[in-house]
Amino acid sequence: MPIIADGLTYVYGSKTKAKTTAVDNVTFKINDGQFIGLIGHTGSGKSTLLMLLSGLIKPTSGTVYIDGEDIFAKDFDLHSIHGKVGIVFQYPENQLFEETVFKDVCFGPKNMGLDKKETELCAYEALKLVGLEDEVFYQSPFDLSGGQKRRVAIAGILSMKPKILVLDEPTAGLDPAGRKEILDLVKNLCREKGMTVILVSHSMDDVAEYVDRILVMNDGRLEIDAVPKEAFKHKEELEGFGLALPQVTQAMIKIKEIGIPVRTDAITVEEAANEIMRVLY
Amino acid sequence: MKIIKAEKVTFEYIRRDEEGNVEGINRAVDNVSLDVKEGDFISILGANGSGKSTFAKHLNSILLPTEGTVWVDGMDTKDEEKINKIRQTAGMVFQNPDNQIIGQVVDEDVAFGPENMGIPTEEIKERVEEALKTVGMYEFIKRSPNSLSGGQKQRVSIAGVLAMHPKCIVLDEPTAMLDPTGRKEVIRALRALNEVEGITIILITHYMEETVYSDKIFVMHKGSIAMEGTPREVFSRVDELKEYKLEVPQITLLAHTLRQRGLRIPECVLTVKELTDAIKNC
């Protein structure tokens with residue numbers, strides 16, 4: 001189910017003096033099963049882009065094709081999109097509301113019109129997919145830890161069986177182990193289940209380690225679209241956009257500056273260690 | 001001089017069912033004793049649910065200990081008469097800047113604290129300007145907070161606390177929602193406040209690299225203090241940190257990996273500067 005953004009533009013308050021172009025003529029194609037990292041500073045248009053891709057707002061101009069269909073065309077049933085694109089907002093645990101974990105996860109499929117048996121099956125599968133044990137199913141979601149709550153919220157989206165999963169900063173506020181759990185889970189959904197994942201993140205280190213391809217937004221425009229190694233070669237540009245290089249890449253540049261001839265394109269600890277050993281040994 | 005002193009602090013949340021019967025007791029903070037010296041930069045690390053935030057709320061009387069005592073600059077936080085003085089001494093900044101900013105204009109927002117302290121108008125103006133200059137936000141004094149970036153908003157929140165002239169600022173994950181530039185701005189502002197103004201900083205964070213310049217790190221685990229020491233002492237215990245669901249900064253990890261592969265690199269490198277120095281000597 002490839003996604004194509006074609007000249008996508010969104011203007012807030014277009015009829016007022018204070019109009020701002022949040023997304024400005026963005027075009028890209030994402031193929032099935034890709035793990036995309038979407039980065040950009042606060043206010044660069046990432047969240048608006050996510051809302052456009054999941055059909056929550058209509059573009060001012062341009063459109064989105066999912067599986068070859070124009071989702072903003074007049075004859076397209078926009079409701080059907082929820083079964084295709086699942087969006088996990090920031091702090092999704094704030095949206096948990098039911099008495100039990102299981103009921104909460106049932107909410108989505110139930111509203112898609114599935115019968116009780118199908119709904120429960122979807123919920124069960126989703127909860128298993130995020131790695132929650134049976135004993136938490138009938139607990140109140142509010143009694144769980146931060147990382148668990150977030151997994152319940154993600155299960156609530158997965159229960160609708162989307163092919164494309166969009167996550168807006170899913171690791172914000174989690175401890176390092178919780179961060180890794182969520183990122184490993186998402187990676188697994190992508191690699192094992194073949195889901196297409198679009199991950200918004202402010203952590204360059206996480207993006208460097210996990211994704212296949214990086215999209216960099218600045219002032220509503222798509223400025224860089226490349227594999228992580230290539231994307232992080234644009235040091236000055238990224239810094240100009242209020243972003244940064246992964247910590248180890250910054251370290252490699254400093255190491256080169258003291259006269260040790262290392263290549264500076266390592267983006268993970270493993271790669272950096274290999275490169276330093278190659279030069280020094 | 002101890003600005004914060006906690007002695008055997010325990011805090012219990014009582015869970016109740018719908019009829020109000022006690023269902024169980026959660027001990028969020030369990031027998032914590034710690035001292036913070038005036039002028040120190042302290043970091044508190046710990047997994048989600050380890051009790052960091054609950055403990056932090058004891059430092060300016062938002063919560064009172066179930067057992068034990070907290071003194072802020074010599075004042076017992078249970079002393080109701082001193083509550084205003086305590087909150088002026090230890091100010092607090094939270095995670096989400098949007099939940100803390102109430103003013104329509106930046107200077108109004110920063111003035112909120114001193115106004116409520118009954119400071120004369122002329123002095124409020126001075127304090128607001130001074131506070132905004134300290135965090136590098138003076139040029140935005142007449143702007144609407146809505147037009148600021150996350151890091152800028154968070155620095156306005158810090159200025160709001162600063163305008164009350166606190167001796168100590170407690171920050172609960174102030175960078176969790178910020179982009180890389182915003183994070184850098186906030187941490188830089190905190191280090192300047194600590195080094196130049198001598199204000200005691202207590203920083204709670206999930207980002208290990210933000211803590212490498214602290215004087216001391218406390219690691220909380222299940223409500224208790226599991227580790228304490230300088231960053232070098234704490235981050236040299238890689239396996240123990242993992243048990244507490246934490247990690248070491250990426251640079252420390254890189255140095256650790258190189259050391260394991262046989263390079264002569266000292267244990268527990270914390271900064272890029274230390275790493276390049278070590279590699280130079282290889």
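## Model and confidence

Chain B has an average pLDDT of 91, and 100% of its residues score at least 70. The model is predicted. For the complex, the predictor reports an ipTM of 0.83 and a pTM of 0.87.

## Contact between chains A and B

The contact between the chains involves 33 residues of chain A and 33 residues of chain B. On the chain A side, the elements that give two or more residues are helices H4 (146-158), H5 (176-191), H6 (204-210), H9 (247-257) and H10 (269-280). Sorted by class, this side of chain A has 18 nonpolar, 12 polar and three charged residues.

## Helix pairs across the interface

Two packed helices are described by the angle between their axes and the distance between the axes. Two such pairs between the chains are set out here.

H9(A) meets helix H10 of chain B, residues 272-280; their axes come within 10 Å and cross at roughly 45°. That angle makes H9(A) oblique to H10(B), and the crossing of H9(A) and H10(B) is right-handed. From H9(A), the residues in contact are Gln250(A), Ala251(A), Lys254(A) and Ile255(A), and from H10(B) they are Val272(B), Leu275(B), Thr276(B) and Ile279(B). By class, the residues of this contact of H9(A) with H10(B) are five nonpolar, two polar and one charged.

H10(A) packs on helix H9 of chain B, residues 250-260, at an angle of about 45° and with the axes 9 Å apart. H10(A) and H9(B) are therefore oblique to each other. The crossing in which H10(A) passes H9(B) is right-handed. Val269(A), Ala272(A), Ala273(A) and Ile276(A) of H10(A) meet Gln250(B), Leu253(B), Leu254(B), Thr257(B) and Leu258(B) of H9(B). The contact of H10(A) with H9(B) has seven nonpolar residues, two polar and no charged.

## Six-stranded sheet of chain B

In chain B, six strands form an open sheet with mixed pairing, in the order S6-S7-S8-S3-S9-S10. Strand S6 (90-93) and strand S10 (224-229) of chain B are the edge strands; each has a single partner strand, so one side of each is left without a neighbour in the sheet. On average, neighbouring strands of this sheet are turned by 20° against each other, direction ignored.

Within the order, strand S7 (residues 168-172) and strand S8 (residues 200-204) of chain B are paired in the parallel sense over five bridges. Opposite Cys168(B) stands Thr200(B) in S8(B).

## Helices H5 and H6 of chain B

Helix H5 (residues 150-162) and helix H6 (residues 180-197) of chain B have axes that come within 8 Å and cross at roughly 25°. With that angle, H5(B) is roughly parallel to H6(B). The crossing of H5(B) and H6(B) is right-handed.

H5(B) contributes Gly150(B), Gly151(B), Gln154(B), Arg155(B) and Ile158(B) to the contact, and these meet Thr181(B), Gly182(B), Arg183(B), Glu185(B), Val186(B) and Ala189(B) of H6(B). The residues of the contact of H5(B) with H6(B) comprise three nonpolar, five polar and three charged.

## Four-stranded sheet of chain B

Chain B also has an open sheet of four strands, in the order S2-S1-S4-S5 and with antiparallel pairing. At the edges stand strand S2 (22-37) and strand S5 (75-76) of chain B, each with a single partner strand, so one side of each is left without a neighbour in the sheet.

Strand S1 (residues 2-16) of chain B is joined to S2(B) by 11 bridges, and the two run antiparallel. Ile4(B) has Val36(B) in S2(B) as its bridge partner.

## A hairpin in chain A

In chain A, strand S9 (residues 213-218) and strand S10 (residues 221-226) pair in the antiparallel sense over five bridges. One of the bridges involves Met217(A), whose partner in S10(A) is Leu222(A).

The hairpin of S9(A) and S10(A) has two residues between the strands, and Asp219(A) takes a positive phi near 50° in this hairpin.

Technical notes
Residues numbered from 1 in each chain as written. Chains lettered and ligands numbered in written order. Predicted model: local features only at pLDDT ≥ 70, side-chain atom pairs only at ≥ 80, totals over all residues. Contact = placed C-beta atoms within 7 Å. Nonpolar A, V, L, I, M, F, W, Y, C, P; charged D, E, K, R; others polar. Pairing = 2+ DSSP bridges. Axes fitted to C-alpha atoms, helices over the stretch in contact; angles between N-to-C directions. pLDDT = per-residue confidence, 0-100. Parallel < 35°, antiparallel > 145°, perpendicular 65-115°, else oblique. Left-handed = near helix turned anticlockwise from the far one by under 90°.
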